[in-house]
Amino acid sequence: MPQKPDLPHPKPESRRVGYAIVGIGKLTADELIPAARTSENSYVAALVTSEEDKGEAFARAFDLSDRDVYTYDQFEELADREDVQAVYIVLPNSLHREYVERAAKMGKHVLCEKPLGMNADDARQIVAACKKARVKLMTAYRCQYTPEHWAARDAVQGGRLGKVKLLDSIHTQVETDATAWRMKQDLAGGGPLPDVGIYSVNIMRFVLGTEPEWVFAALHQPKGDPRFREVEESVAFTLGFPGGIMATGLTSYGAAKTTTLRVLGEDGSLLMDPAFPYDGLKLQLTDEAGTHQPSFPEYDQFTQEFNHFSRCILEGGTPWTPGEEGVADHVVMDALYESARTGKVVPLKSSRKKDASRGPDKPQLPGK
Ligand code: NAD
């Protein structure tokens, strides 16, 4: 249970965006509720959970009342809550679409955890539902809201590394629980690829600002290991970006926690290691002047996401990582699974427009 802060928020709730968080798992408890407390323009107004006791315990700890806790069956009662302008979906992947659609029908804006859906078609339905209901939709890609990842993108796109040639990225972790929803194809939509490998795909697309033109992948699903009865253990993949830039990725539920991103150009390189944890990101740039590690202000990635989405709601903007950005990763991941299945390179129809799937409103980075 997160600690209650000592000081009241400087802004009244009436000038911040109220969120209903759907799903009180580890991410909600350890990261999202504390992050909302430090957001300049957001707060948690309600909780939706299957475990009423747990919800009520959280409510009491955070100055919410028992009436601010809803079961999944009571979700539609949020329609009458004018103080709830947005819903944050933090549920197993297979439930994202149902809850986004139900939230959109109530006219609530939606922040949805990654991966946006189960596959590209599912994610497109999510985008369509929000468009139809005229509500904003943001995919919660926390790594596109950090000064470290933006510095990497600026180095790549500003020419500091010279002409970019190659990228590689690893995101692995060991999953031990064979019964977890992450290990069920129907609940997760895949194994490590849509769960952690998605960070590599997403950040490689983000730093380049372009989409892959073709992909190739191989995967391993060991026989006899109950964890991998339904989903793969590891995927090795290559993405071919415009201009002959090639990017390779490794993702696994069987290898020790590793998160890296490397970009190699004609005149220099960058390395992020670690590249994807909640804090402690490290960026190292090597160019003609030598190697150096820029420093960045302290910040919280989840607070950054709340700040950005709430600013879009309060000021009428479009999120930097809208639903279309979630769809774009699914298009790549669907093609990677197809390639692993067929053993063939899969071509993609890619728009040459820079940042084609991103919104016009860039995030405000901490310290700027
Ligand atoms: P979790 O296992 O902690 O569960 C989240 C909530 O869903 C809990 O309230 C749980 O009770 C409920 N739930 C679990 N299984 C259910 C089922 N079968 N039916 C109905 N409800 C169920 O999951 P999590 O790790 O919080 O992941 C939730 C989402 O957040 C996923 O989409 C995941 O990819 C994403 N996630 C994102 C990050 C990030 O860094 N952005 C980190 C972790 C998880």
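The structure is a predicted model, in which local features need pLDDT of at least 70 and side-chain atom pairs count only at pLDDT 80 or more, while totals for chains, interfaces and linings use all residues. Residues are numbered from 1 along each chain as its sequence is written, and side-chain values use heavy atoms, with hydrogens and water left out.

Helices (DSSP runs of H or I, at least four residues) and strands (DSSP runs of E, at least two) are numbered from the N terminus. Helix α8 comprises 15 residues, 301-315, and the distance from its first C-alpha to its last is 21 Å, close to the 21 Å expected at 1.5 Å a residue, where the expected span is 1.5 Å times one less than the number of residues. Of the 15 residues of α8, 13 are buried, so the helix is largely enclosed by the rest of the structure; here buried means under 20% relative accessible area, exposed over 50%, and partly exposed in between (1.4 Å probe, protein chains only). At the start of α8, a side-chain oxygen of Asp 300 comes to within 2.8 Å of the backbone nitrogen of Phe 302.

Side chains of opposite charge can pair when their charged atoms come close. A search of the whole structure finds 25 salt bridges, and one of them joins the side chains of Arg 311 and Glu 40 at 2.9 Å, N to O. This pair links distant parts of the chain, with Arg 311 in helix α8 and Glu 40 in the loop between α1 (26-38) and β2 (42-48), 271 residues apart. Arg 311 counts as buried because its relative accessibility is 14%, whereas Glu 40, at 37%, counts as partly exposed.

Helix α9 (residues 323-342) contains Glu 325, and the end C-alpha atoms of this 20-residue helix are 29 Å apart, in agreement with the 28 Å that it should span at 1.5 Å a residue. Just after α9, Gly 343 takes a positive phi of about 75°. Glu 325 counts as buried, with 0% relative accessibility, and its side chain makes a polar contact with the side chain of Ser 357 at 2.6 Å. A polar contact is a pair of N or O atoms within 3.5 Å; within protein, one must be able to donate a hydrogen and the other to accept it, and residues adjacent in sequence count only if both atoms are side-chain atoms.

The side chain of Arg 205 meets that of Glu 211 in a salt bridge (2.8 Å, N to O), and both Glu 211 and Arg 205 are buried. A salt bridge is likewise found between the side chains of Glu 325 and Arg 205 (2.8 Å, N to O). The latter pair links distant parts of the chain, Glu 325 being in helix α9 and Arg 205 in helix α7 (residues 192-208), 120 residues apart. Salt bridges that share partners join Arg 153, Arg 205, Glu 211, Glu 325, Asp 329, Lys 354, Asp 355 and Arg 358 into one network.

Asp 355, a member of this network, is placed in the segment after β15 (346-347) and has a positive phi of about 50° although it is not a glycine. Asp 355 is buried, with a relative accessible area of 12%. Arg 134, in the loop between α4 and β6 (137-140), also has a positive phi, near 55°, in a residue other than glycine, but Arg 134 counts as exposed, at 76% relative accessibility.

Two cis peptide bonds may be described together. One joins Lys 114 and Pro 115, with omega about -15°, and Pro 115 is found in the loop between β5 (109-113) and α4 (120-133). Another runs from Asp 273 to Pro 274, with omega near 5°, and Pro 274 is found in the loop between β12 (269-272) and β13 (283-287).

Methods:
Salt bridge = Lys/Arg side-chain N within 4 Å of Asp/Glu carboxyl O.
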